[in-house]
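Subject: Handover of a structure for your review

Dear colleague,

Please find below the structure that I am handing over to you.

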Amino acid sequence: MPPTQAESVIKNIIREIGQECAAHGEIVSETLVAFMVKAVVLDPSNGFNMDRTLIKSDVQKLVKLCVSRLLDSKNPSLDTIKMQVYFDMNYTSREEFLKEHHRVLESRLGSILREITDNRACAREELESLYRKVVSYMLLRSGLGSPTDIKIVREATAALQSVFPQAELGTFLTLSKKDKERQLKDFSMLVTGIRLFNRDCGKGGEGIDDLPAILHEAIPATTQHIDSQLQTAQDLAYSYTAILEKVTKNPLMSKELQPYMLKETLYNVRQYEIFLQIILSDIITCAQEVEMMIKQLGAQLEQLKMTVKSKTAVPTSQVFPIFIALSSLWTSFQDETVLVSVLSNLTAHLEQFLGAHKLLFPEKVMQDLLNEVTVKTDMYRMKEHMEDRVHLVDFRKQEWLFPETTANFDKLLIQYRGFCAYTFATTDGLLLPGNPAIGILKHKEKYYTFSTKSAAYSFAENPEIYIDLIREKAKKNAELIQLLELHQHFETLIPYSQMKDVDKHIKPITKNETSTQTDTHILPPTIVTSYEWNEWELRRKAIKLANLRQKITHSVQTDLSHMRRDNCSQVYPSKDASTQSMREGSTGVPRPQIYIAGLRGGQAKTTYGIRVNLTRAVDET
């Protein structure tokens with residue numbers, strides 16, 4: 001069947017089911033009918049083949065089953081589905097809500113904005129009428145009072161006159177449409193800031209509610225109401241869980257309690273608890289934002305008072321940014337007020353989907369069922385098995401995560417909203433909270449928690465068996481698809497609010513001790529010696545090169561340098577040598593022998609000496 005034809009058939013089925021329910025006095029939305037059609041088709045007990053085209057008898061059977069389920073007012077499963085559809089259609093994230101809220105406000109101002117920007121006034125009366133429209137636009141955009149109140153209009157007009165006199169309308173009309181819209185937005189913020197400052201000084205502020213004080217009272221009251229509802233829902237969930245635990249241990253009681261639909265009632269109250277926790281988280285965020293904005297508002301007003309003081313004239317560059325900041329803060333206060341109101345209304349409307357509890361389980365019935373039963377809270381169950389941890393040595397192939405080994409342990413996306421997968425699969429749908437302290441099993445990039453150590457060991461032996469059992473259980477009870485976040489198994493039933501988060505998985509950041517060693521210089525150095533980081537050095541070199549372009553090189557030759565050429569010669573290396581330059585010699589020289597005769601005297605009185613040389617000749621020696 002072509003997609004367009006199949007879509008047409010589905011629309012006809014939904015329309016027919018809606019008409020049948022209306023004929024019985026039950027008004028249902030198309031979204032609820034579409035969800036119910038898919039839920040009935042998924043239920044294997046109804047016998048619909050997803051791979052075969054529906055024939056006429058199949059369509060009639062489908063319509064009959066859907067109508068009967070939609071008209072069953074005492075069925076907790078239907079209440080849970082209605083609650084899920086209502087929450088999905090009315091709840092959105094904080095960012096998307098504020099974005100949509102601002103878009104709606106802008107669309108409401110579109111008509112008067114076009115009247116101002118498209119105006120071609122020339123006469124005096126037309127200009128005055130245009131100026132009044134500008135004042136009305138300022139009031140509507142700021143939300144500070146009604147444009148029909150004379151006092152508020154006069155105050156806004158006086159504030160506008162100080163930043164945009166009527167005499168400047170002619171210049172304003174010559175601007176382009178975008179410039180006009182931008183200036184109107186700026187003027188609106190300035191007028192809002194001026195009126196808020198006058199209100200703080202006690203000189204104006206007609207029609208301006210004290211939003212900080214209102215939020216200061218509304219947020220604690222809303223939080224207290226949600227806490228009260230949450231505590232009631234949790235007490236019911238703990239009681240139903242205790243009764244179901246008793247039933248699983250005593251098979252004879254299961255037949256007696258089958259008409260009460262205990263498990264469907266438990267799913268209903270658990271879904272209500274989850275929605276309340278989501279709303280409470282948003283309310284807490286609002287409280288934090290408001291507390292921060294109150295401090296900023298006080299600081300801005302104090303800064304403005306210090307800037308203005310008793311001066312007769314203040315530069316616009318000093319005060320205009322503060323006025324714009326005041327206006328932005330007040331807009332944030334208005335956003336928080338609307339958001340708190342919407343969340344409070346959403347909480348109140350969710351209570352209507354708990355009617356089956358009082359019908360199926362009056363106070364007397366609950367007292368009888370809880371006889372000799374120990375009611376345990378989720379916190380008590382976790383503390384009860386806090387010390388029972390999985391031993392990693394028992395598992396070689398599976399990966400287990402613990403708080404001390406995983407940095408983002410608290411941010412992991414646990415399957416089945418943190419409920420024990422093994423208990424749910426083996427007890428045909430009993431919801432027990434999983435205890436992450438026992439250990440988180442990582443299987444095919446998904447994370448599972450368990451209520452006891454034995455449950456963790458049993459599930460880890462063959463996870464696929466239990467995952468298939470949970471999937472089959474969800475086909476019989478379609479409310480489990482959103483309650484346990486089984487959208488990856490049933491893409492056609494993904495709620496709009498969670499459609500963007502289906503493929504987002506936070507991966508665990510495991511912690512372990514590691515060490516690395518890096519070489520100092522892996523690659524050879526690539527230092528460019530000609531590089532210069534100094535700009536002035538580069539300029540100096542540039543000037544030098546520029547000057548060289550204007551220089552001429554000269555050469556001269558002299559008589560001494562004429563015909564000169566380069567020569568080269570070869571020498572032997574020096575070596576150690578010795579020479580003999582003198583020879584020592586000796587000769588035998590005769591010793592002189594000279595005698596003097598006659599010294600002893602003689603006969604004569606006179607002595608005469610005779611010298612006798614007895615030295616031998618040289619050649620005789």
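**Overall findings**

The accessible surface of the chain amounts to about 40,100 Å², and 53% of it belongs to carbon and sulfur atoms. Please note that this is a predicted model. The secondary structure consists of 22 helices and 5 strands. Of the 621 residues in the chain, 37% count as buried. Among contacts between residues at least 6 apart in sequence, 72% join residues at least 24 apart.

In soluble globular proteins, nonpolar side chains tend to be buried together. In this chain, the largest nonpolar core has 115 residues, and Leu160, Trp400, Phe450 and Leu484 are those with the most contacts inside it. Helix H13 supplies the largest share of this core, with 18 residues. Apart from this core lies another, of 25 residues, which includes Ile13, Ala34, Phe48 and Val85.

Residues up to four places away in sequence being left out, Trp400 touches Val390, Leu392, Phe395, Gly439, Ile440, Leu441, Phe450, Ala456 and Ala460.

**Lys263**

Helix H13, which spans residues 262-308, also holds Lys263. Is Lys263 buried or exposed? Lys263 counts as buried because its relative accessibility is 19%, and the limit for buried is under 20%. Its side chain reaches the backbone oxygen of Thr427 at 3.1 Å. Beyond its neighbours within four places in sequence, Lys263 is in contact with Leu244, Thr427, Asp428 and Gly429.

Tyr595, Ile610, Val612 and Leu614 make a nonpolar surface patch of about 370 Å². Of these residues, Val612 has its place in strand E5, residues 610-613, and counts as partly exposed at 32% relative accessibility.

Most residues other than glycine have a negative phi. Two residues are to be noted against that background.

- Arg417, which is not a glycine, has a positive phi of about 55°. Arg417 is found in the loop between strand E1 (399-401) and helix H18 (421-426), and is partly exposed, with a relative accessible area of 24%.
- Lys444 likewise has a positive phi, near 55°. Lys444 is found in the loop between strand E2 (440-443) and strand E3 (446-448). With a relative accessible area of 59%, Lys444 is exposed, because the limit for exposed is over 50%.

Yours sincerely

Note on methods: Residues numbered from 1 in each chain as written. Predicted model: local features only at pLDDT ≥ 70, side-chain atom pairs only at ≥ 80, totals over all residues. Heavy atoms only, no water. Helix = DSSP H or I, 4+ residues; strand = E, 2+ residues; numbered from the N terminus. Buried < 20%, exposed > 50% of the residue type's maximum accessible area, 1.4 Å probe, protein only. Polar contact = N/O pair within 3.5 Å; in protein donor to acceptor, adjacent residues only side chain to side chain. Contact = heavy atoms within 4.5 Å. Patch = residues over 30% accessible without salt bridge, like charges linked within 9 Å, V, L, I, M, F, W, Y side chains within 5 Å. Areas by Shrake-Rupley, 256 points an atom, 1.4 Å probe, with all protein chains shown as cover. Salt bridge = Lys/Arg side-chain N within 4 Å of Asp/Glu carboxyl O. Core = buried A, V, L, I, M, F, W, Y, C linked by side-chain atoms within 4.5 Å.
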